[in-house]
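Thanks for asking me to look through this one. Here are my notes, in numbered points, to read alongside the structure.

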Amino acid sequence: MTLVANIPEPVEYPTTFSFTPTQIPANEQLHIEIRVWDPKTGAAVKHFQIIHEKPIHLFIVSEDLEYFAHEHPDLGADGVFRHTTRLPKAETYKLLADFMPEGGTPQLISKVITTAGYTRSLSAAIAKPAIDLTPKHGENLDVELVLDPSQPLAGKKTMLFFKLKPAAGLEPYIGAWGHMLAASNDLIDTIHTHPIYVTDPAPGEKQVQFNLFFPREAVYRVWVQFQREGQVNTVAFTIPVRSLR
């Protein structure tokens, strides 16, 4: 292992998204291309670090917070990421691309898109989801969430403990024991993270801990993904975050 004396300063890589058809349709096939450019030379970046088994993680979230996708576009020899998807209905969506150019620093690049003909304003479309911390059942897994502190505060560490049952058959998913995306109800803040600790607190149970610093007061929809016996379980919780008063 090569030791690096200093953590490199973040360097933003210009990134462009293109869509076919250019008038983004709802509930029809949509082709997405993502291109990354070297900030010093302007040349197309063609090589990327493999992070959690993939060169890129692409998240797609709808403005009503009802649609969530965690995708992995294919990387071509020309350095272009390509992915085909279908947006379920007419509305605004936020895309978040998580990647790291070879020799560069981690990139979290977002893009907001709206389907053709959809005219509702962003402010009018801000979701107001009800708080939901109830246990969830995925494809073949029960997931219970415990927060510490029970009332998360903006800018302070929140520990999220996910109790998973049954523990038998649990396995890493894309190189991690879990994946999480948190999005504020206005889609301004999006956070992609992975577990800090994994423990076995009781027979037949596994506990997966994530730590988050919610950036501001808002309601956050938190999607978590765990894999058991080859099936990916995606469940969501809705968490209120308050400012310190």
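1. Let me begin with a question: which residue in β6 does E33 stand opposite? Bear in mind that this is a predicted model. The residue facing E33 is R82 in β6. Strand β2 covers residues 29-36 and strand β6 covers residues 81-86; the two run antiparallel and are joined by six bridges.

2. Stepping back from that strand pair, β2 and β6 belong to an open sheet of four strands, ordered β1-β2-β6-β5 and paired antiparallel. The edges are taken by β1 (15-20) and β5 (74-75); each has a single partner strand, so one side of each is left without a neighbour in the sheet.

3. Strand β13 (residues 179-184) pairs with β14 in the antiparallel sense, over four bridges. L181 is found opposite H192 in β14. Five residues lie between the strands of this hairpin, and L187 takes a positive phi near 65° there.

4. Staying with β14 (residues 190-193), have a look at its side chains. T190 and H192 point one way, while I191 and T193 point the other way. Are these residues buried or exposed? All of them are buried.

5. Now the aromatics: the structure holds 10 aromatic pairs. In one of them, the ring centres of F48 and F99 are 5.9 Å apart and the planes are at 80°, so this pair is edge-to-face. The pair links distant parts of the chain, with F48 in the loop between β2 and β3 (56-62) and F99 in strand β7 (residues 92-99), 51 residues apart. F48 is buried, at a relative accessible area of 8%, and F99 is buried too, at 2%.

6. Another pair is formed by F162 and F237, and this one is tilted: 5.9 Å centre to centre, with 50° between the planes. Here too the pair links distant parts of the chain, since F162 belongs to strand β11 (residues 157-165) and F237 to strand β18 (residues 231-241), 75 residues apart. F162 is buried with a relative accessible area of 0%, and F237 is buried with a relative accessible area of 0%.

7. Finally, a contact between a charge and a ring. Which ring does the charged end of K206 sit over? That ring belongs to W177, and the charged end of K206 is 5.4 Å from its centre.

Technical notes. Residues are numbered from 1 along each chain as its sequence is written. This is a predicted model: local features need pLDDT of at least 70, side-chain atom pairs count only at pLDDT 80 or more; totals for chains, interfaces and linings use all residues. Side-chain values use heavy atoms; hydrogens and water are left out. Two strands pair if DSSP finds at least two bridges between them. Buried means under 20% relative accessible area, exposed over 50%, partly exposed in between (1.4 Å probe, protein chains only). Rings of Phe, Tyr and Trp (its six-membered ring) pair if their centres lie within 6.5 Å; planes under 30 degrees apart count as stacked, over 60 as edge-to-face and the rest as tilted. A charge sits over a ring if NZ of Lys or CZ of Arg is within 6 Å of the ring centre and within 35 degrees of the ring normal.
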